[in-house]
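This briefing is for a reader who has not seen the structure before. Please look at the sequence and the model, then read the points below by topic.

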Amino acid sequence: MDEMREYFDIERLFAEYCAALDEGELERWPEFFVEDGLYQMIARENHAFGYPIPLLLLDSRGMMQDRVYSLRNANIYQAHRYRHAQSGVRITAREGETLRVSSSYIVVQTLNEGVSEVYQAGSYYDLLVRTADGLRFKERVCVYDTSRVATLLATPV
Amino acid sequence: MAARLESLSLDHFPWPSDDGSRVPYAVFTSQAIFEREQERIHRGPTWHFLALADELRKPGDFKSTFIGTTPVVVTRTRDGDLAAWVNRCAHRGAMVCRELRGNARAHRCVYHQWAYDERGRLRGVPFQKGLNDKTGMPEDFDMAAHGLPPVKVEDYRGIVFGTLSEQSPTLTDYIGPTMLPWVDRIFHKPVEYLGCTRQYAKSNWKLYYENVKDPYHASLLHLFHTTFNIYRSNMRGRSIVDPRHGLHSIITTTPQAEEDTASDYQKHDIATYRANLKLADPSLLNTRRELEEQTSNNIHTLFPSTVIQQIHNTMAVRQVLPKSAGEFELVFHFFGYQDDDAELRRLRLKQANLAGPAGYISMEDTEATELVQRAVESCDADDASYMGMGDDSRDQGTSLITEHMIRSFWRGYRDLMGWGAR
């Protein structure tokens, strides 16, 4: 029963996370992380060879809020909509109050012309922690297979 | 009457002016011009970034890349030298190496298993002597005459360059006395490769070269610094071109002592300025002083495929790979110094947020080049841009509000393409 409950809580967190990004509610996105949480995107080709350079590395909720503020007010990019499909959720380890969880994702991007294309495929490697507000990310590391980013990456996946 | 692009003769290609300030948009869209560039520039007497030497540490280490559209593999030989070859089997033209990087003593074409060593020398041909009573290769078949086409390669301070042309000068002559000290400045001690990020732009590669020679756009397109009150156009700057041909150039900015420069923005009514807005987490910009002159920006372009970047403490070699008239790939090869302490290394990784496909102050570059490409895809042969900003005879290479480096670039480009000003 406890394990079913765990999976249920994880799925609920993931569903809210995807909905926030897919509906363009970027301001909600940092709230899925604890205050000193880590969000990182790294190409599979770097990860596989042990090279550390990230595409994005935000190691506090403040940095995530800066990213959102910058996307809203500073950066120039095409209007776009993400659509997440996430699957294969697995709990890979339990460490005290935290859960290690991995899953696969595909993000389809639609631009104003009305064409949808697979923008990115990859794996999420998460470290989740229970808080008073429910499960939150202590870490979300996105290891993306689609090493050739189409034009640019503005919005986190 | 507007001339149609199809009627253009590449031997008499008209330019509206000789000073490089007006560029016919056809150079961004014509496949015929693209092919002439590949022949005269990329396969011509130019040197191209292939790798950082640190990517190839051990004998047998290899990396697949390109010179222009030509696939090239660069390797560390068993003797510890560097070698490179065109990744095209001498037999039937198949791609031999199919991995991005790895370690191998031999490279075998999968089609008929012709095997080459790490220098690209042919070492084995299956059934060379025939099978049973059937004959094999001709009696006079000479392995040495059927190696992979060699690419000349040179390592300068840990940056590995290659050229496909026998006519190329030495690498240091190619970089030249004006630009070499700027390479030395960044590569003043051994560097360590940290990984790469890639992006693919649906625009012509020269639009990106214009972009990295254009300090005018920096504070106008990239609003991150101005939004968070970090960058100002009146920082001390340089905009220097290689006087020999105008094709290499460097832009630097160096922060001056604290001063209130916001008024310039208010005066010119530029919409990006918001007083007092600060980053919630400013750790991103905790710059460590590590260069004699701690430039905040160093954008150094070596024609036609290399851009050495230092922005605060994040450093990278950007490799520009044309794919067709309307597409190019941009690969950021990030590096630090081998003697980085843990804190500095962490800072470099964090500042990768600034530059790269998702970078706060670089993501707009490919957006801008694509905006141009989309608008010029359909145009007449005499449609051209206009770049008149800045006067180099007065500005002496110290202005950041200038397009003189782009004008020099186009003059040098015309000479290489056989369209030099009369």
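The model is predicted. Chain B holds an open sheet of seven strands with antiparallel pairing. Elsewhere in chain B, helix 4 and helix 9 pack at an angle of about 130°.

**The sheet as a whole**

- The strand order in chain B is 1-10-9-4-3-2-5.
- Strand 1 (48-52) and strand 5 (101-103) of chain B stand at the edges, and each has a single partner strand, so one side of each lacks a neighbour in the sheet.
- From one strand to the next, the twist averages 30°.

- Strand 3 of chain B covers residues 70-76, and seven of its seven residues are buried.
- In a regular strand, side chains alternate between the two faces of the sheet.
- Thr70(B), Val72(B), Val74(B) and Arg76(B) point one way from strand 3 of chain B, while Pro71(B), Val73(B) and Thr75(B) point the other way.
- Strand 2 (residues 61-67) of chain B pairs with strand 3 of chain B in the antiparallel sense over six bridges, and Phe62(B) stands opposite Thr75(B).
- The hairpin of strand 2 and strand 3 of chain B has two residues between the strands, and Gly68(B) takes a positive phi near 60° there.
- Strand 4 (residues 82-86) of chain B runs antiparallel to strand 3 of chain B and is joined to it by five bridges, with Val86(B) opposite Val72(B).
- Strand 3 and strand 4 of chain B also form a hairpin, this one with five residues between them. Gly80(B) in the turn has a positive phi of about 90°.

**Strands 9 and 10**

- Strand 9 (residues 150-156) and strand 10 (residues 159-163) of chain B run antiparallel and are joined by five bridges.
- Lys152(B) has Thr163(B) in strand 10 of chain B as its bridge partner.
- Helix 3 (residues 171-186) of chain B packs on the sheet and touches strand 9 and strand 10 of chain B. The direction of helix 3 of chain B makes about 30° with that of strand 9 of chain B.

**Helix 4 and helix 9**

- The axes of helix 4 (residues 205-212) and helix 9 (residues 363-376) of chain B are 9 Å apart, and the angle is about 130°. That angle makes helix 4 of chain B oblique to helix 9 of chain B.
- The crossing of helix 4 and helix 9 of chain B is right-handed.
- Leu207(B), Tyr208(B) and Asn211(B) in helix 4 of chain B meet Asp365(B), Thr369(B), Val372(B) and Gln373(B) in helix 9 of chain B.
- By class, this contact has three nonpolar, three polar and one charged residues.
- Buried residues of helix 9 of chain B include Met363(B), Glu364(B), Glu370(B) and Val376(B).
- Among the elements that cover the buried residues of helix 9 of chain B are helix 3 (61-73) of chain A and strand 17 (327-337) of chain B.

**Gly44(B)**

- Gly44(B) lies in the loop between helix 2 (31-42) and strand 1 of chain B.
- Gly44(B) counts as buried because its relative accessibility is 6%, and the cut-off for buried is under 20%.
- Gly44(B) and Thr163(B) are 119 residues apart along the chain, yet their C-alpha atoms are separated by 7.9 Å.
- Gly44(B) touches residues including Thr163(B), Ser165(B) and Ser168(B).

Notes. Residues numbered from 1 in each chain as written. Chains lettered and ligands numbered in written order. Predicted model: local features only at pLDDT ≥ 70, side-chain atom pairs only at ≥ 80, totals over all residues. Heavy atoms only, no water. Buried < 20%, exposed > 50% of the residue type's maximum accessible area, 1.4 Å probe, protein only. Helix = DSSP H or I, 4+ residues; strand = E, 2+ residues; numbered from the N terminus. Pairing = 2+ DSSP bridges. Axes fitted to C-alpha atoms, helices over the stretch in contact; angles between N-to-C directions. Parallel < 35°, antiparallel > 145°, perpendicular 65-115°, else oblique. Left-handed = near helix turned anticlockwise from the far one by under 90°. Contact = heavy atoms within 4.5 Å. Nonpolar A, V, L, I, M, F, W, Y, C, P; charged D, E, K, R; others polar. Lists of a residue's contacts leave out its neighbours within four places in sequence.
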